[in-house]
Amino acid sequence: MTAVDTPDLSVSQQGHYAGVVTRLVALIIDQTTASLVLAIAFVLTEGAIDVVVEGEYQLELPPWLAASVSAVWFFIYYAYSWAASGKTFGSALLGLRVVATDGSPIGPRRAAIRTLALPLSLLTFGLGFLLALVQRQRKALQDVIAGTVVVYDWDARSARLRFLAAQRDQATTAGVGAATTATVESARGD
Amino acid sequence: MTTPNSPEHDERSDEWAVDAVLGAANRAAKTAGTVGSAIGSSAPARLVTGLTRRLTRPLAHEGAEVREQLEVETLPAAQRMIRQATPRVMNAIDVNSLLEAIDLNALLEHVDMDRLIAQLDMEKLLDRIDIGEIIDRVDIDAIVGRIDIDAIVSKIDIDAIVGGMDINAIVDKVDINGIVDKVDIEGIVKKIDIDALVTQTELGGIIAKSTSGIASSALDSVRSQGVGLDGFVHRWTNRILRRDPTKLPVGPPLLVRPGLPAAPAPTTDTTPQLGTGETVTTLDQLEGARSDSVGTPR
């Protein structure tokens, strides 16, 4: 163990305002995931009906109904995730979390408002989303409306330690392998 | 030593004459005393005595004055003479032979030591002793130097001492919480090089086993890439907008220490790969750049 001058264990990105790249990637993952789940749900529903009703059945919903079902599903996907933990599937993967402006959990009301405001960012050709680039607290349009911010929720320090541990593990394994090889070669030489 | 009745005494003619005169005088005095007491107790003698006293009263007064005068004048002269003579007498005395002649044991047998000690005022005696001065004169180093500590320690039966101790009672009396409260745990932890701890001890193996898996590595990789790209984009945005990044807020006040300036973005423009050494560099840069501005995560 070596003493160092001033190591700061709290060094991490955790709790800092998240940037647009990770947020955009998280949004893409979320949209993809939610759409896939919705599509799978439609296929499963069609298959179930197919089993019940004899013959080839084609599920055809009126556009308004399909749009309504999709809207409700997306609303539930985002609003419930943010209200429950501040994270959707995509933001959890990217290590992001939605919190109130002061850092507290957002709660169901803000989660619902943010979910409803999210389409506005997309409908404005992404300009609402790009607002996070210039805003001091990196707030997108939905954040400004809902009074929320997005922060990093993962600890870079922990990731670093995991990486160092993995490196050590690999080095140990390589050392054992090299020793075994040397023993075998030595035996052959004899 | 010769006694008056010994044969040696008779042979010394000069002393014999003196002693014979003294013996005759002694006999005469005793006879005179006997006769005098016989005469003095008779009535005519008492009459003569009373008459004589009355007649000699003026003489007695005069004699008393002379005696007082003698006491006043003669005593100081005698004291001076004694003072002058005493040193010479003391010099003349052979103290060693005198002490040899004294049987100290026999003398001490007659001394009541308990009574002697009881009469001593120990408090007063101790008050007069300057302990500090005594201690100053003691050469502690020399004393300690002469002590064979190893020999003493080797004679001590530590097991017996420890066996006789009630460790539980001692531990019960120790205020563990008080001690722990006084220990600066945070300061100690800050001095520990966690990286070295992970890479050089079994702790690294434990962490590796508990967090092994491609998924966690991939997640760390994706996240570190994202943070690197975020920093790149926002650094350029700040340049274009001519904003001082150090004056921008770092995060929500409940999640980071308030008043902290925004940390500079990571200096790397390349996508960090957690599976290579480059990732460590990137994370180092991230952490190093934030070291003055990052708060405690909640």
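Chain B contains 18 helices and zero strands, where helices (H or I, at least four residues) and strands (E, at least two) are DSSP runs numbered from the N terminus. The model is predicted, so that local features require pLDDT of at least 70 and side-chain atom pairs count only at pLDDT 80 or more, whereas totals for chains, interfaces and linings use all residues. Residues are numbered from 1 along each chain as its sequence is written, and chains are lettered from A and ligands numbered from 1 in the order in which they are written.

Of the 298 residues of chain B, 13% count as buried. A residue is buried if 20 or more other C-beta atoms lie within 10 Å of its own, exposed if 12 or fewer, and partly exposed in between, with C-beta atoms placed from the backbone. Among the chain B contacts between residues at least 6 apart in sequence, 55% join residues at least 24 apart; two residues are in contact if their C-beta atoms, placed from the backbone, lie within 7 Å.

The largest nonpolar core has 39 residues. Such a core is a set of buried Ala, Val, Leu, Ile, Met, Phe, Trp, Tyr and Cys residues joined through C-beta atoms within 7 Å. Elements of chain A that give two or more residues to this core include α1 (20-52), α4 (107-123), α5 (127-134), β1 (96-100) and β2 (148-152). The largest share, six residues, comes from α7(A). Among the residues with the most contacts inside the core are A:Ala18, A:Leu96 and A:Val150. Leaving aside its neighbours within four places in sequence, A:Val150 is in contact with A:Ala18, A:Arg23, A:Leu96, A:Val98 and A:Asp143.

In α5(A), the buried residues are A:Gly128, A:Phe129 and A:Ala132. These residues lie on the same side of α5(A), because they cover an arc of only 115 degrees around the axis, the arc being that of the directions from the helix axis to the C-beta atoms. The buried residues of α5(A) pack against α1, α4 and α6 (141-146) of chain A.
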